[in-house]
Amino acid sequence: MRPKQTNLLQGTLDLLILKTLSLGEMHGLGISRRIGQLTEGTFHVKPGSLFPALHRMEQSGWLTSCWGESEANRRAKYYRLSRAGQKQLEAETREWGRISLTIAQALQAT
Amino acid sequence: MPLLRYFSSCWRSLFQKSRLDEDLDEELQAFVELLVEEKIRQGASPAEARRSALIELGGVEQVKERVRDARLGAAMESILQDLRYAVRVLAKSPGFTSAAVLTLALGIGANTAIFSVVNAVLLRPLPYAEADRLVAPMGEKHSPAAHTVVSHPDFLDWRDQTQMLENVAAYTRSSMLLRLDDAEPELIYGANVSADLFPLLRIRPALGRAFTRDEDQPTSEPVILISHGVWQRRFNSDPNIIGRQLKRGGSGAGAIIVGVLPEGFRFPVQESRTDYLRPLAPALGEWAQRRGAYSLRVLARLKQGVTAQQAESEMRAIGQRLEQQYPDEGFRLGSRFVSLYEAVVGDVRASLLVLLGAVGLVLLIACANVANLLLARAAARHRELAIRAALGASRWRVARQLLTESLLLSLAGGGLGLLLSLWGLDLLVADSAFNLPRLKDVSPDTNVLAFTFGVSVLTGIIFGLAPALLAVRVDLYEALKEGGRGSTAGAARSRVRGLLVVSEVALSLVLLVGAGLLVKSFARLRGVNPGFDAQNVLTTGLSLSKVKYPEAEQRRELFAQLVERLRAVPGVESAAVVYPVPFSGTTTSNTFLIHGRPAPAPAEKPAANYRAISPDYFSVLRVGLMSGRAFTEQDRPTSPRVVIVNETLARRFFRGQDPLGQRISIERASGQSAVQDMSEIVGVVSDVRHAGLDEEAGAEVYVPFTQAPEGYMDVVVRTTAANPAGMSASLRDVIRTADREQYVPAIQTMTELIAESVAARRINALLTSLFAGVALLLASIGIFGVMAYTVAQRRHEIGVRMALGAQAGDVLRLVLGQGLRLVLLGVAVGLAASLALTRVLAGMLYGVTPTDPATFAVVALLLILVALAACYVPARRATKVDPLIALRYD
C-alpha cells in the first residue's frame, strides 16, 4: 500500500473515468483508450488500476454495468454513469478546479 | 428494487465470492479478446497480439485480487458513511432518539428476559447423555399428579423382567439435617435412588464412586454421595472426603461418603437443588418389603432401537402379571411413557409460551410507536430529504439511509434491552413464586444473544420499513413546492399512521383481555373458601428422632405435651397437631373397607385421604362439625378406635344412611400397627380443600393421632394476636423447651401456605398484567402522538372553521371523532383477534371461560376510555387555536 500516491491517483482516475463515461456508456478497454486520448497520452491506465476503480465506483453507486456487444460483435461489460455519478462528476469537477487553482497559486506564491 | 439490490450486492461481495469471481473472469477475458483484436488490427500476428495483450493485462489473479479489495472497501466505506451520518442525525435530536431507544429497550428487554427463561427451561436439552431415550411412566392423565408410583417389590420385579428398558430406577425425594461439628444444622435436600440411576443417567462421580446394588439393600450399611456444591461449601473441597462419616441430624447413625457428584448435576425431576443421593432400599427400611406401599417414582432408559410404544405394552403386560400374582394389592404400573423432557417441562410450557406471546405483542406495539415517531420526523425532515434527492442521492440511497438510522436505533435499544433483561431476570429468578424446573440454569448464552440481536434487527426493519418506503415515494417537485406544510405524501403517511393506531389498539386489547382473564381467574381462585379459617394460624413441621423416641408411646407423649405447652403461651387461642397439614403439598391416600358390605375388587376399593389429628384440630382451623362429636382426650390408644369423616365421604359412601355408628377399616401401609383395624365413625365434619384451592375436596378420614402415632407431625396454632407472624419466636422457644435438640423449620402462617399454593398463577397473572399495562401505556402514548400531530397539521383548517363560526365544542367533537373512529376500529379488530386467541389460555383459567363476556366488555371499555383521554389533550389544544394566528401562519 502506498497511501498518498494511491489517494491522489485514485481521485484523479475516478474523475477521469466519470468524465469519460459522461459522454456515453463504454467498456473497460474503451475507457482506458479514451482516457489516453483525452489526456493526450499522459495517462496510460493499466487494467490493474482500471478494474478496481470501476468496481469500487460501481459499488459506491456512481456507475452501473451490464453485458453487451462490442462494435465487432464481441461480448463486453459496459459501464454507464448513474444519476449519483453525474452529481459526483459535477461536485468533483468543481472541487478539482478549486484545488488545482489553489495549488497553482500556492506554487507561484514564492 | 434498488434497496434489495443494495443488500444483495453487499451480501455478494462479502460472501458469494465465487459468482462475482466468475463474472470478473469473464469481464477480464472479454477485455483480453478486445485487446487482441485491437493489436491484430494494428498489424500484429494473432500469437504475438495475444502475448502482448496478456503482458498488458498483468497477472490475472493480481487484478482480480485488487478488484475484490476495492469492492469490499467501497462497500464498507459506504456503510460507514451511512452509519456516521445516522449517528450525527440521531445525536442532533436527543429527545426523539432517547424516546425511541427507551421504548425499544423496554420491548426488546422484556422479550429477552422471557426468552432467556424459555431458553433455559424449554430449549436446552436435558443435561444427560443420550437424553432422548430417557422416559418416565405416567398414569392416564397428564399432570404432575399422574406420575406413576410403585412399591419397592414391584419395582424390583419390573427391573428384573424388562426386556425393553436398558435401565429402570426408582426414587423418592428426601431431605435431611446436615450436622457438622459446631455449625448450625442445615436442612439439605436430595433424593433416595436405586443404584440403577447412575448408569441410567450416565453419571460419573467427580470423586469416589457411585453406590452399587449391593449397597442398595434394606439392611446395607448407609452410604451417600454428596453434591459438588455441598462438598465445596461445607467441606472446603477436601480431597480426602471419601470414606468420611456424615452424621445426620437427630439420628446417631452416620452414612459413609463414597463419592462426590459431578459439578452442576441436578436430579431431573427435582427443581431446586440436589445436595445428595443415597441408596433407596436402606432409606425405605421395612417399607422396602411391602408390596402395598406405593410411594416410589420411576425413571427409565429405553434400549437402543426400542420405541416408547413397545416399552409401554411391555410395562402393561408386566403390570397385569403382577396384578394376577398379588391380587390383594390392586396394583398397576404406568399406562404410558412420556419423555423425561416432557415430564419435566410439560406442565409449564403452555404458560411460558403465553408469556412469550405476550411480550411479543408488547414489542410489536413498541415498533408501532417508534414507526409513528419516525413518520412524524420524516414529515419534518421532508425538506432535508428532498434536498438530498435534489443533490443526486438516489431514492434507494435515501431509503437506505433511513433504514440505517432505524437499525441503529433498534440495535441501541437491543443493547439497552439486554441490560434491562439481566436486571429483570434477577428479579424473576429471585421470586420463589416463579418456580420453574431448570430455571436455576438461566443465563444469557449465545442463544439468548443471537435472539436479542435477531429481534433487534427485525424490529429495526419492521418499524423502519414503512417510513423508508414512504420516503422513497417522495416526489421531488411536490416536496419542494409544498414546502414545510407538506400534505399529499402526507396523505399516504396519515393512512399509515391511522393503521398504526388501529393495530396498536388491537394488540393492546388482545393483551388486556388475556391479562384480564388471568387476573379474574386468580381472583376467583383466591375467593374460593378452603373450608377452614386460615387467619391467625401458624404452622410448622416437627420430625422426631427415631433414635431418641423409638417407641410410639414416647412420640405420642411428646406431641401431647407440646400441644399443652403451646396452648399455655400468652396470645395463643388454641393449638393442635395434624399430619399432613392442609396446603403442605403432602397427601396420604388409603383404601378402606366398610363393615358389613361385601369386599370389592382390589381396583374398586373405596379410597380416602387420611389425616391424623389431635382433639382441638377442628377448633383451631374452625372446621364445622356437622354431626356427632369431635375427638377428645378420652380417645386413647387403648380405647375403641374411632374416626371422623368429611361430608364428601359420607355423601359418597353412605347415601341415605346415617354414617354415625358405621364401622370402617382403614388399610394402612405405615407404622408398626396392624394393617387393618375396625373403627367407628363418631362424627362428620364439613369439607376442606386440602390439596389446593382449585381442587374439590375428596373423601377424607380423620383419626386421633393417639391411635396412629407418627414420627412426623405438623403443629397448628391459632393466635389471638393480630400479627401471628410475631409469635414465631415464642413458639420456637416452647418447642425447644420440650426438646432442646429439636430442629424447628421455618414457622409459616396458613395464609402464606395458601398464597404459595397459587403462587404460579399469581406470577402468571402478574406478569401478563405488567405486560398489558406496558402495552396500554405505549398505545396511549402512540395515540396521543398521532392525534397531537394531526391537530398540528390541521391547524390551518381548524382556524378556517373557527373563523367561519365553529365553536370550541364543534372542534372538540371533530378531533375526538377522528380519534374515536380509529380506536373503535382497533377495538373491533382486537375483539375478533382475542376471540380467536384466548383459547390458548383455557388450561390456565379457573372459573372463567376464555371468551368471558364481562372481561371482554370491561377491557374494551377501559381501552376506549384511555384512548379517548389520550385524544382529549390534543383535542383541547385544537380548541385553543386562534383563527387569526392560524391563518396568518405561512
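1. In this predicted model, the largest nonpolar core holds 98 residues, and Val362(B) and Ala775(B) touch the most other members. The element that gives the most to this core is helix H11 of chain B, residues 340-380, with 19 residues.

2. What does Val362(B) touch, leaving aside residues up to four places away in sequence? Its partners are Gly107(B) and Ala110(B), together with Phe771(B), Val774(B) and Ala775(B).

3. Chain A contains four helices and three strands. Read from the N terminus, the order of its elements is α-β-α-α-β-β-α.

4. The C-alpha trace of chain A spans about 55 × 30 × 30 Å along its principal axes. Chain A has 110 residues, of which 31% count as buried. Taking the contacts in chain A between residues at least 6 apart in sequence, 47% join residues at least 24 apart.

5. On confidence, chain A has a mean pLDDT of 82, with 90% of its residues at 70 or more. Residues 1-8 of chain A have a pLDDT below 50, and this stretch makes zero contacts in the model beyond near neighbours in sequence. Where pLDDT is low, predicted coordinates should not be read in detail.

Technical notes:
Residues are numbered from 1 along each chain as its sequence is written. Chains are lettered from A and ligands numbered from 1 in the order in which they are written. This is a predicted model: local features need pLDDT of at least 70, side-chain atom pairs count only at pLDDT 80 or more; totals for chains, interfaces and linings use all residues. pLDDT is the predictor's confidence in each residue, from 0 to 100. Two residues are in contact if their C-beta atoms, placed from the backbone, lie within 7 Å. A nonpolar core is a set of buried Ala, Val, Leu, Ile, Met, Phe, Trp, Tyr and Cys residues joined through C-beta atoms within 7 Å. A residue is buried if 20 or more other C-beta atoms lie within 10 Å of its own, exposed if 12 or fewer, and partly exposed in between; C-beta atoms are placed from the backbone. Helices (H or I, at least four residues) and strands (E, at least two) are DSSP runs, numbered from the N terminus.
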